[in-house]
Amino acid sequence: MNFKHLKKKVAIEAINYLHSGITIGVGTGSTVFYLIKELKKISHLIYGAVSSSKSSTYFLKNNKINIININQINSLQIYIDSADEVDDKKRMIKGGGGALTGEKIISSISDIFICIVDKSKKVSKIGSKFPIPIEVIPMSTSYVCQEIKKLGGIPKVRKNFFTDYGNIIIDVYHLNMSNPLKTELYINSIVGVVTVGIFAKKKADIVLISSENGIKIL
Ligand SMILES: O=C(CO)[C@H](O)[C@H](O)COP(=O)(O)O
């Protein structure tokens with residue numbers, strides 16, 4: 001099924017959460033692409049955007065949004081991004097587009113994380129459909145894969161892909177996700193892991209879910 005229209009719909013809804021003069025954190029991906037298109041329409045009201053990836057920076061600049069360097073600010077009111085999966089507790093799996101590290105950094109300094117998804121992303125248990133992405137320093141690939149196997153996960157190195165920081169992504173299948181926060185903290189502690197795409201420590205504050213029936217807010 002094609003969810004383009006639902007991605008656009010939820011992106012339009014997110015604009016209602018912005019106010020004049022705001023600096024906004026912007027995620028990465030096809031849903032965010034629609035968000036950036038909407039931001040262009042109100043670009044005169046937005047002070048600027050902190051971008052989570054090179055691709056979003058490119059789209060933001062093309063749509064006349066001023067880019068703000070994250071190291072020149074200490075906090076951010078709102079971060080808007082999508083997710084690969086989100087549960088009822090607003091925990092997410094992110095990193096399908098490989099921008100998880102930038103996304104985690106910006107969301108960590110943001111007061112409010114607004115997650116915008118179409119209905120296909122809502123799950124009862126995160127990790128049930130989508131593999132868990134891990135950004136890894138290339139030298140540590142083999143070691144991290146071994147550690148993931150010890151946890152019962154099946155690691156697969158993403159083919160022909162490097163992150164904005166020159167690292168690789170390991171997608172992990174069949175990981176036990178009964179305690180997402182514990183798993184997030186443990187994987188982040190493995191040497192060579194830059195970050196894991198489990199967002200349980202920093203969850204979304206507001207989740208907007210679009211369907212044919214309208215927008216549901218969690
Ligand atoms: O985490 C992400 C990128 O790293 C994206 O938010 C996630 O992959 C969803 O993408 P899309 O909006 O294209 O469905």
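Predicted model: local features only at pLDDT ≥ 70, side-chain atom pairs only at ≥ 80, totals over all residues.

Analyst: Rolling a probe the size of a water molecule over the atoms shows where empty space is left.

User: How many cavities of 30 Å³ or more does the search of the whole structure find?

Analyst: The search finds one. About 40 Å³ of space lies in the largest cavity.

User: Which residues line the largest cavity?

Analyst: Its lining consists of Ser-52, Gly-98, Ala-99, Gly-102, Glu-135, Thr-163, Asp-164 and Tyr-165. Sorted by class, two of these are nonpolar, four are polar and two are charged.

User: Which domains does the lining of the largest cavity draw from?

Analyst: Domain 1 (3–124 + 201–217) and domain 2 (132–197) each give at least three residues to the lining of this cavity.

User: How much space lies in the largest pocket?

Analyst: The largest pocket holds about 220 Å³ of space. Its lining has 15 residues, and those nearest its centre are Ser-51, Ser-52, Ser-53, Ile-70 and Tyr-165. Look again at Ser-52 and Tyr-165, which also belong to the lining of the largest cavity.

User: Which helix gives the most to the lining of the largest pocket?

Analyst: Helix H4 does, with three residues. Strand S2 (48–51), helix H3 (54–62) and helix H4 (100–109) each supply at least two residues of that lining.

User: What classes of residue make up the lining of the largest pocket?

Analyst: Seven are nonpolar, six are polar and two are charged.

Note on methods
Residues numbered from 1 in each chain as written. Heavy atoms only, no water. 1 Å grid on protein atoms, 1.4 Å probe; cavity = no way out; pocket = protein on both sides within 12 Å on 5 of 7 lines; lining within 4 Å. Points joined across faces, edges and corners; volume = space filled by probe spheres on them. Nonpolar A, V, L, I, M, F, W, Y, C, P; charged D, E, K, R; others polar. Domains from an automatic or database assignment. Helix = DSSP H or I, 4+ residues; strand = E, 2+ residues; numbered from the N terminus.
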